[in-house]
Amino acid sequence: MYPIEQRVLKKLIYGATGLFTIGALLGFALMPIVTKTLVGFGDLLNYEKIIQFYDLGKVIEFLVWNVIATGLLFTYPILIIGLVFTGVLTVEDLENRRKQIILALFGITAIITPDPTPMSMIVLSIPLVLLFEITINFSYKIETAPDFVEIRNKMKKQWKTSQSNLLEYGNTN
């Protein structure tokens, strides 16, 4: 790898680690709200008539998977930045599809948060929307930064070379 590619990769790894940690901490902070709501529904449904089985292992597994899911969800800017970096997406694409992406973020958080109240969904969605807006600004810097332009041009050159090699290989067989 070239030194500039190593620097970019190092920044992406640190960024992904930081974003995952923030997401996991937020997911962990939401757990009291989620469990309180779920237990509250048991009270609302007159839980004396409903046999509730609380297995500590299942509860811990539920909490761990929710924390991991929110942590992974918070790393989506790295995916977007990678798509912008490779030229698959542009800042203009992100700005034009802003409403759809925000709606998709709300939909994903509605699926990830297990309680039926909108409270935890909104608490999780607001940072994700802010993260998306920051990602758009960062993507603009990527599109205009000389280091990234140089790497992108090298990637395009390598891509064209590998395509021509594949075409030559296909024609010889």
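At what angle do helix α2 (residues 56-73) and α5 pack, and how far apart are their axes? The first legend answers this, and each view is taken from a predicted model.

**View 1. Packing of helix α2 against α5.** Helix α2 (residues 56-73) and α5 pack at an angle of about 170°, and their axes are 11 Å apart. Because angles over 145 degrees count as roughly antiparallel, α2 is roughly antiparallel to α5. The crossing of these two helices, α2 and α5, is right-handed. On the α2 side the contact is made by N66, A69, T70 and L73. On the α5 side the contact residues are I108, T109 and I112. Sorted by class, the contact of α2 with α5 holds four nonpolar and three polar residues, with no charged residues.

**View 2. Packing of helix α5 against α6.** The axes of α5 (residues 98-112) and α6 come within 9 Å and cross at roughly 145°. The crossing of α5 with α6 is right-handed. From α5, the contact uses R98, I101, I102, L105, F106, T109, A110 and I112. From α6, the contact uses M121, L124, S125, L128, V129, F132, E133 and I136. By class, this contact of α5 with α6 has 12 nonpolar residues, two polar and two charged. T109 and I112 of α5 belong to this contact and also to the contact with α2.

**View 3. Packing of helix α3 against α6.** The axes of α3 and α6 come within 10 Å, with a crossing angle of roughly 25°. Angles under 35 degrees count as roughly parallel, and α3 and α6 are therefore roughly parallel to each other. α3 passes α6 in a right-handed crossing. The α3 residues in contact are Y76, P77, I80, I81, V84 and F85. Their partners on α6 are L128, L131, F132, T135, F138, S139, I142 and E143. The contact of α3 with α6 divides into 11 nonpolar, two polar and one charged residues. L128 and F132 of α6 take part here and in the contact with α5 as well.

**View 4. The largest pocket and its lining.** The largest pocket has a volume of about 370 Å³. Its lining consists of 20 residues, and K11, L12, I81, F138 and I142 lie nearest the centre of the pocket. At least two lining residues come from each of α1 (3-44), α3 (76-86), α6 (118-144) and α7 (146-172). α1 gives the most to the lining of this pocket, with seven residues. The lining of the largest pocket has 14 nonpolar residues, three polar and three charged.

**View 5. The largest cavity and its lining.** The structure holds one cavity of 30 Å³ or more. The volume of the largest cavity is about 60 Å³. The lining residues of this cavity are G27, L30, M31, V34, N66, T70, I112, T113, P114 and L124. α1 and α2 each supply at least two residues of this lining. The most comes from α1, which gives four residues to the lining of the largest cavity. By class, the cavity lining has six nonpolar and four polar residues, and no charged residues. N66, T70 and I112 line the cavity and are also part of the contact of α2 with α5. L124, another lining residue of the cavity, belongs to the α6 side of the contact with α5.

Definitions and conventions
Residues numbered from 1 in each chain as written. Predicted model: local features only at pLDDT ≥ 70, side-chain atom pairs only at ≥ 80, totals over all residues. Heavy atoms only, no water. 1 Å grid on protein atoms, 1.4 Å probe; cavity = no way out; pocket = protein on both sides within 12 Å on 5 of 7 lines; lining within 4 Å. Points joined across faces, edges and corners; volume = space filled by probe spheres on them. Nonpolar A, V, L, I, M, F, W, Y, C, P; charged D, E, K, R; others polar. Axes fitted to C-alpha atoms, helices over the stretch in contact; angles between N-to-C directions. Left-handed = near helix turned anticlockwise from the far one by under 90°. Contact = heavy atoms within 4.5 Å. Parallel < 35°, antiparallel > 145°, perpendicular 65-115°, else oblique.
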